[in-house]
Amino acid sequence: MVPYKVFIVGHEGTTGLRIHERLSDRKDIELLATADEDRKNVEAIKEVAKEADTVFLCLPDAASKEIMDAIGELPCKVIDTSTAFRTADDWAYGFPELGADYKTAIAREKHIANPGCHASGMIACIAPLVKAGLMPTDYPFTITSLTGYSGGGKKMISQYESEPKDYFLYAPRQYGLSQQHKHLPEVQHVCGLSEAPIFIPIVDNYYSGMEVTVGIHSRLCQKPININIVQQALENFYKDSRIITVVPFTENSNTGMLNANQLSNTDSMKIYVTGNDERIMVHAIFDNLGKGASGAAVQCMNIALGLPEDTGLALG
């Protein structure tokens with residue numbers, strides 16, 4: 001078998017490095033690269049992209065747009081990991097679990113926008129309930145997301161891992177206080193919400209792993225619901241997924257603790273339903289660098305190349 005040629009633009013960053021790690025040992029993949037001195041040279045990038053089957057863009061928004069202006073007409077598939085194209089109608093959205101039309105678009109379209117990490121958890125919890133007609137599109141969601149510091153990229157990783165470490169880095173830190181977090185537009189767009197959620201992102205003193213929690217008041221829903229209805233709706237929605245698992249609800253579900261780093265170093269996601277019939281919580285637990293970033297990007301690449309979607313992924 002002739003290996004597929006893959007080019008990672010921005011492989012020095014956290015997401016690019018993780019994609020590189022997942023692909024470097026695969027016999028079905030040949031990794032292409034520019035010379036080190038040309039890694040920001042648009043013309044050099046374009047020349048390598050001409051030879052590629054798939055190009056990953058692991059860059060800030062402005063840089064992704066600049067590269068797309070140069071390579072957008074080439075025949076290669078492009079998977080962009082920035083926020084630049086996640087609400088663009090002419091880009092496939094890289095969350096195949098949302099339905100057959102999403103998976104088909106990833107397979108057929110040239111350009112694929114990889115979901116954001118926080119957004120992946122929010123969408124995984126909300127979209128199935130909206131699609132099932134259990135949640136109104138104007139529901140006033142308040143969502144909390146706890147993440148490891150690797151989601152902040154090299155600068156934040158260095159900040160947390162330097163010695164001596166700032167005293168305030170030992171405790172959780174809330175951010176996105178203006179309610180203008182960059183992942184909210186894609187959540188609203190993909191879930192079809194008329195209002196953006198109140199979103200509470202928190203970064204803590206551990207490397208990777210994420211727990212997104214969506215709270216639901218059943219009295220505010222457009223039809224009578226309870227915790228079992230929510231559980232069943234989610235189980236039905238993800239029943240065919242190898243990547244996303246809905247953990248069965250038992251009488252022990254409301255005891256113990258949920259660990260945000262439970263799926264660190266994997267590419268899976270687990271969804272838990274807790275609470276009671278009046279106040280229901282849906283939790284998505286995954287690795288912000290796995291299903292929240294590079295694992296999702298490789299999953300999209302596999303689908304785009306016609307391979308089993310979990311090829312080369314670590315399923316926890």
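**Close-up 1. Cys 221 in the loop between E10 and H8.** Cys 221 is found in the loop that runs between strand E10 and helix H8; helices (H or I, at least four residues) and strands (E, at least two) are DSSP runs, numbered from the N terminus. Residues are numbered from 1 along each chain as its sequence is written, and side-chain values use heavy atoms, with hydrogens and water left out. The model you are looking at is predicted: local features need pLDDT of at least 70, and side-chain atom pairs count only at pLDDT 80 or more, while totals for chains, interfaces and linings use all residues. Is Cys 221 buried or exposed? With a relative accessible area of 12%, Cys 221 is buried (buried means under 20% relative accessible area, exposed over 50%, partly exposed in between, with a 1.4 Å probe and protein chains only). Leaving aside neighbours within four places in sequence, Cys 221 is in contact with Leu 134, Met 135, Pro 136, Tyr 139 and Ile 216, where contact means heavy atoms within 4.5 Å. Met 135 lies 86 residues from Cys 221 in sequence, yet the two are 5.5 Å apart in space, C-alpha to C-alpha.

**Close-up 2. The seven-stranded mixed sheet.** Follow the strands across this open sheet and you will read the order E8-E9-E7-E10-E13-E12-E11, with mixed pairing; two strands pair if DSSP finds at least two bridges between them. Strand E8 (173–174) and strand E11 (244–246) stand at the edges with a single partner strand each, so one side of each is left without a neighbour in the sheet. Strand E10 (residues 210–217) pairs with strand E13 (residues 279–286) in the antiparallel sense, over eight bridges. Which residue of E13 is the bridge partner of Ile 216? That partner is Ile 280. Helix H8 (residues 227–237) packs on the sheet and touches E11, strand E12 (269–275) and E13. The direction of H8 makes about 170° with that of E12; axes are lines fitted to C-alpha atoms, for helices over the stretch in contact, and angles run from 0 to 180 degrees between N-to-C directions.

**Close-up 3. The six-stranded parallel sheet.** Here the strands of an open sheet follow the order E2-E1-E3-E4-E6-E5, and the pairing is parallel. At the edges stand strand E2 (29–32) and strand E5 (92–93), each with a single partner strand, so one side of each has no neighbour in the sheet. Strand E1 (residues 4–9) and strand E3 (residues 54–57) are paired in the parallel sense over four bridges. Within this pair, Ile 8 stands opposite Phe 56 in E3. Helix H1 packs on the sheet, touching E1, E2 and E3, and the direction of H1 makes about 160° with that of E1.

**Close-up 4. Helix H1 crossing helix H9.** The axes of H1 (residues 14–23) and H9 (residues 290–304) come within 9 Å and cross at roughly 50°. H1 and H9 are therefore oblique to each other (angles under 35 degrees count as roughly parallel, over 145 as roughly antiparallel, 65 to 115 as roughly perpendicular and the rest as oblique). H1 passes H9 in a right-handed crossing; a crossing is right-handed if the near helix is turned clockwise from the far one by less than a right angle, and left-handed if anticlockwise. From H1, Thr 15, Arg 18, Ile 19, Arg 22 and Leu 23 meet Gly 290, Ala 293, Ser 294, Gly 295, Ala 297, Val 298 and Met 301 of H9. The residues of this contact divide into six nonpolar, four polar and two charged (Ala, Val, Leu, Ile, Met, Phe, Trp, Tyr, Cys and Pro count as nonpolar, Asp, Glu, Lys and Arg as charged, and the others, Gly among them, as polar).

**Close-up 5. Helix H2 crossing helix H3.** H2 (residues 42–49) and H3 (residues 61–71) have axes that come within 10 Å and cross at roughly 55°. The two helices H2 and H3 are therefore oblique to each other, and their crossing is right-handed. Val 42, Ile 45, Lys 46 and Ala 49 of H2 make the contact with Glu 66, Ile 67, Ala 70 and Ile 71 of H3. Sorted by type, the residues of the contact of H2 with H3 are six nonpolar, no polar and two charged.

Close-up 6. Most residues other than glycine have a negative phi, and most peptide bonds are trans. A cis peptide bond joins Glu 163 and Pro 164, with omega about -5°; Pro 164 sits in the loop between helix H6 (153–161) and E8. Gln 179 is not a glycine but has a positive phi of about 60°. Look for Gln 179 in the loop between E8 and helix H7 (184–191), where Gln 179 is partly exposed, with a relative accessible area of 29%. Asn 265, also not a glycine, has a positive phi of about 70°. The loop between E11 and E12 holds Asn 265, which counts as exposed at 53% relative accessibility.
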